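Subject: The model, and what turned up in it

Hi there,

Here is the structure I promised to pass on. Have a look at it first, and then read on for my notes.

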Amino acid sequence: MKTTLTPNRLAAARAALKKANQEYARTFPGESARRQPVHTVYGGAQLFKAETARKMGQMALAALHEYAPDATALATCLELDADIARRVHERILAKLEREPVEDFRIDFEDGYGHRPAEEEDGHAVSTAGEVARGMEQGSLPPFIGIRIKSLSEELFDRSARTLELFVGTLLERTGGRLPDDFVVTLPKITVPEQVTALVRMLELLEQDRGLESGALKLELMVETPQSLFDREGRLALPALVAAAEGRCVGAHLGVYDYTAAFNITAAYQSMTHPSADFAREMMQVSLAGTGVALSDGATNVMPVGPHKPGQSPLTEAQKKENREVVHRAWRLMHGHTRHSLERAFYQGWDLHPAQLPVRYATVYAFFLEGLDAASRRLKSFIEKAAQATLLGDVFDDAATGQGLLNYFLRGLACGALTEEEARAAGLTLEELRSRSFLKILEGRRKTDAPGAPTPSAARR
């Protein structure tokens, strides 16, 4: 049949489509290869020290030893399968000893409050010095940053001053170096111009301090209705991310400020309130494929027993009451964290050291419970893809394969899965580190080509 849709006749349409496709690829580059922490611990700036993460780990271990000393106690508290609980308990112990805090945000906002100007100035300088000391002694978490106050009319000058004092002092103390994965958190956003203003501040600080352009990253707090929809009723988050001009690496849901904005009373403000689920859905719809990581909020019921050891040891009745209170708070947080994970929010806030054991327990159990099924599915996808490629057919399930691969990458990054467990899916560590299902298929295609090493030899 003679074809009439020639390149010349389609040139104009093709050029317009190419421009649109390229713009789409820039806006939606896909999930970032950057590791995403499973939590962010928020703590008031007045309390931060270089050793804070290590001390939190010690307190978290003490809570675990006290209230879930073995796998059986953990399984009973969180209603976990016995074998899963055994593996989870072992891994929590190792995690709390090795890397108890993955991400920490030095807080100059709600966790700090409004203080005299001289006091906040002092804390901006002193915490920067502590971060510098932590960099020197290797005691910082792998991710760290600060949360400034909002950029409202009333707080703009205060926020700008705190940011400059902190960043300037830090760079002076470190010879111009920032910590790895350092970020500035912007709260209570109501208009894109607040994000733009922060970007201008970061640009000026980079210029003044000799930093590479774009070195200072930011993340957005989603805790006002205006962070989701603008006054015209349009989705607001894409505009907020665009206003960040490539600096935005995350968006965090502030559940309690968000629900308070709807006049929901304190008794019903919860991680599982329907309004919070709506916000999560809107965040997913707005930011899917952009590479901006999503984070959920915090459980605000602390796992702290009512009885404190004093001059006299606690009675058995007091110990029992403490255990019941802590276990009740742990079960609540376990349910909240599981609720987030099932909705593809793989990061959340933690506020107290005793929350760390249940954070890791829930995340680890989530990944381990799905390990066997995910291993079988990914192995099957790869085997079928390789066969289809050899036959010249098109394999159209790459998105599902990438989703399964992401499961293993996240599980490995946080310590939920071991390398041996990840390899059960038939992948080599080199293939896992490629982070790309399509690259894995391309590599398998080459090894399966005539004259190439056999697949089994190439994968050993």
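What volume does the second largest pocket have? The second largest pocket comes to about 550 Å³. Before going further, please keep in mind that this is a predicted model, in which local features need pLDDT of at least 70 and side-chain atom pairs count only at pLDDT 80 or more, while totals for chains, interfaces and linings use all residues. Residues are numbered from 1 along each chain as its sequence is written, and side-chain values use heavy atoms, with hydrogens and water left out.

**Pocket**

A few terms first. On a 1 Å grid over the protein atoms alone, a cavity is a set of points where a 1.4 Å probe fits but cannot get out, and a pocket is an open set with protein on both sides within 12 Å along at least five of seven lines; a lining residue has an atom within 4 Å of a point. Points are joined across faces, edges and corners, and a volume is the space filled by probe spheres set on them. Helices (H or I, at least four residues) and strands (E, at least two) are DSSP runs, numbered from the N terminus.

The second largest pocket has 26 lining residues, and those nearest its centre are Tyr 42, Gly 43, Gly 44, Gly 111 and Leu 351. At least two lining residues come from each of β1 (39-44), α2 (52-67), β2 (103-107) and α9 (255-260). Sorted by class, this lining holds 13 nonpolar, six polar and seven charged residues. Here Ala, Val, Leu, Ile, Met, Phe, Trp, Tyr, Cys and Pro count as nonpolar, Asp, Glu, Lys and Arg as charged, and the others, Gly among them, as polar.

**Cavities**

How many cavities of 30 Å³ or more are there? The count is three. The largest cavity has a volume of about 110 Å³. It is lined by 14 residues, with Arg 34, Pro 37, Asp 103, Glu 219 and Gln 347 closest to its centre. Two or more of the lining residues come from β2 and from β6 (248-253), and β6 gives the largest share, three residues. By class, the lining of the largest cavity has five nonpolar, four polar and five charged residues.

The second largest cavity has a volume of about 40 Å³. Its lining includes Met 271, His 336, Thr 337, Trp 349 and Arg 359. Helix α11 (316-342) gives the most to this lining, with four residues, and its classes are four nonpolar, five polar and two charged.

Thr 337 is itself in helix α11. Thr 337 is buried, at a relative accessible area of 5% (buried means under 20%, exposed over 50%, partly exposed in between, with a 1.4 Å probe and protein chains only). Apart from neighbours within four places in sequence, Thr 337 is in contact (heavy atoms within 4.5 Å) with Arg 359, Thr 362 and Val 363.

**Helix α7**

Helix α7 (residues 192-209) has 18 residues and spans 26 Å from its first C-alpha to its last, close to the 26 Å expected at 1.5 Å a residue; the expected span is 1.5 Å times one less than the number of residues. Which residues of α7 are buried? They are Gln 194, Val 195, Leu 198, Val 199, Met 201, Leu 202, Leu 205 and Glu 206. These residues lie on the same side of α7, because they cover an arc of only 160° around the axis, taken from the directions from the helix axis to the C-beta atoms. On the other side of α7, Glu 193, Gln 207 and Asp 208 are exposed. The cover over the buried residues of α7 includes α6 (156-174), β4 (182-186), β5 (217-222) and α8 (237-243). After α7 comes Gly 210, with a positive phi near 75°.

Most residues other than glycine have a negative phi. Asn 263 is not a glycine, yet its phi is positive, about 65°. Asn 263 sits in the loop between α9 and α10 (274-287) and is exposed, with a relative accessible area of 70%. Ala 344 also has a positive phi, near 65°. Ala 344 belongs to the loop between α11 and β8 and is partly exposed, at 33%.

Happy browsing, and write back with any questions.

Best wishes
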